[in-house]
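The entries are in the order I took them.

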Amino acid sequence: MTYNNDTKYSSLWKDLGKLPITTDSRNCPKGSIFIALKGDNFNGNQFALQALEKGCAYAIVDEDLDISESQISNLKSQIIRVDDCLQTLKDIAREHRRQFDIPVIAITGTNGKTTTKELIKAVLSEKYNVLATEGNFNNDVGVPKTLLRLNKEHEIAIIEMGASHPGDIKTLAETAEPTCGLITNVGRAHLQGFGSFEGVIKTKGELYDYLKANTEGPIFINADNDYLVDLIGDDDEIFLTPYSTDPEKQYVCISGEVVSCDPELTFRWRKPLMELEETGASQKWHKVKTHLIGDYNIDNLLAAIAVGINFGVDRKAICHALENYVPTNSRSQLVQTAHNRLIVDAYNANPSSMAAALDNFRLMATNEGETKMAILGEMRELGDVSHEEHQRLIDLLAKSDISEVWLVGEEFNGITPQASSLILRYFKDVEEVKAGLQARQPSGKLILIKGSNGNKLYQLPDFL
């Protein structure tokens with residue numbers, strides 16, 4: 001890419017990643033580079049001059065600026081004109097990442113990728129200085145920004161990758177250039193963007209495609225997930241590190257099983273039976289009591305263990321990390337209020353995660369005098385199958401032991417249980433739910449709060 005059609009910028013190219021990068025004209029550290037990104041409701045090109053006035057050393061733009069000839073003359077050395085600012089951000093981030101010869105672990109999947117990323121970070125931090133994706137910085141802007149945080153102190157990086165359209169993971173992998181990675185699972189989410197479930201599988205599989213073509217692995221894989229196993233295929237050249245919930249399954253790196261899940265998950269894990277017999281080692285189980293809600297989290301925990309073992313983390317340190325990890329951001333959290341016990345999982349909702357949450361909730365025992373209630377947010381971006389999937393959800397609820405369900409969002413309009421005594425209440429949005437809770441003031445309940453982040457159900461614990 002040519003900057004300002006001027007060869008003097010070719011030397012700047014290698015140094016761009018060393019300067020602070022900002023995409024927000026309200027935050028312009030002195031000597032930084034402002035990159036004028038565009039979105040549905042903003043155009044960074046319109047703020048390039050403001051960024052320079054506030055202290056940025058350079059402004060990278062992809063549109064001609066509406067400025068005078070004298071301003072052009074004065075600022076020519078500071079304004080870098082490119083074809084696409086977002087692509088330039090990715091290019092700078094990739095060049096910066098190449099300055100560090102460290103393992104880079106890529107994580108994607110329909111459900112559990114953020115929890116898995118946090119668990120892996122906790123495990124690896126027992127031994128290494130770890131850079132990991134923060135918040136929801138897992139898209140084509142967030143991944144480059146995460147890479148640009150890399151510095152000489154970091155010994156390993158964990159990059160979370162999200163996707164809502166075909167090709168998204170391919171692009172992110174080409175930016176981050178991971179050395180190994182994993183897909184947590186594949187499910188029916190963002191179908192409006194992917195077009196079909198097969199589109200979801202293919203897009204998530206783009207991570208495998210990149211790793212198989214560009215690295216020697218390892219690829220960490222849930223050996224119990226047929227979709228993921230099929231994506232790998234029969235390529236004997238791939239270095240696989242499988243994990244499984246089947247204690248008797250051979251040829252896996254780690255096996256584990258749920259011990260209890262009432263309410264928080266306790267599990268145990270060990271190296272595979274065959275390896276233990278061959279080495280003469282003790283077939284010792286490592287038992288871990290976690291702060292996570294949901295037996296479905298065992299796959300995420302085993303993934304973290306597999307990664308930790310691969311990178312030489314001591315087994316006691318692995319257990320210590322998992323025992324002390326406390327979930328945040330409304331993911332698999334148990335919250336005790338003055339009046340109720342809450343299971344708060346209000347960051348993600350799609351058919352597979354909803355089904356898993358309800359199945360786990362069904363198995364949870366209530367305290368004396370407690371009854372079960374659920375507040376569920378609509379599942380978004382399901383396209384043509386939205387009505388079908390919301391109806392399937394209601395049918396699942398009709399077979400449960402939940403006495404009362406509050407449904408939030410317009411996607412539930414026209415969805416009713418088939419011949420069931422299930423009590424349903426419908427709400428337009430979270431504000432209506434808040435009003436309903438203030439009027440009703442439920443007490444003595446075990447309440448599942450599950451929905452996508454856009455439903456804003458994470459605001460509800462203060463009202464319960």
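My entries on this structure follow.

**Ground rules.** I am working on a predicted model, where local features need pLDDT of at least 70, side-chain atom pairs count only at pLDDT 80 or more, and totals for chains, interfaces and linings use all residues. I number residues from 1 along each chain as its sequence is written, and side-chain values use heavy atoms, with hydrogens and water left out.

**Sheet.** I took helices (H or I, at least four residues) and strands (E, at least two) as DSSP runs, numbered from the N terminus. I counted two strands as paired if DSSP finds at least two bridges between them.

**Strand 7.** I looked at its partners. Strand 6 pairs with strand 7 in the parallel sense, over 3 bridges. Here A132 stands opposite I158. Strand 5 (residues 104–108) is also parallel to strand 7, with 4 bridges. V104 has A157 as its bridge partner. Next I checked burial (buried is under 20% relative accessible area, exposed over 50%, partly exposed in between; 1.4 Å probe, protein chains only). In strand 7 (residues 156–160), 5 of 5 residues are buried. I156, I158 and E160 lie on one side, A157 and I159 on the other, and both faces are covered.

**Crossover.** I followed the chain from strand 6 through helix 6 (residues 142–147) to strand 7 and noted a right-handed β-α-β unit. Right-handed means that, with the strands pointing away from the viewer, the path from the first strand over the helix to the second runs clockwise.

**Strands 9 and 10.** I found strand 9 (residues 219–222) parallel to strand 10 (residues 240–244), joined by 4 bridges. I219 stands opposite L240.

**Helices.** I checked helix 9 (residues 197–204) and found it largely enclosed by the rest of the structure, because 6 of its 8 residues are buried. Those buried are F197, G199, V200, I201, T203 and K204.

**Charges over rings.** My test was NZ of Lys or CZ of Arg within 6 Å of the ring centre and within 35 degrees of the ring normal. The charged end of R268 sits over the ring of W285, 4.0 Å from its centre. K372 lies over the face of F361, at 5.1 Å from the ring centre.

**Positive phi.** Most residues other than glycine have a negative phi. I noted Q441, not a glycine, with a positive phi of about 50°. Q441 is in the loop between helix 17 (430–440) and strand 19 (445–450). Is Q441 buried or exposed? Q441 is exposed, at a relative accessible area of 61%. I also noted K456, again not a glycine, with a positive phi of about 60°. K456 sits in the segment after strand 19. At 41% relative accessibility, K456 counts as partly exposed.
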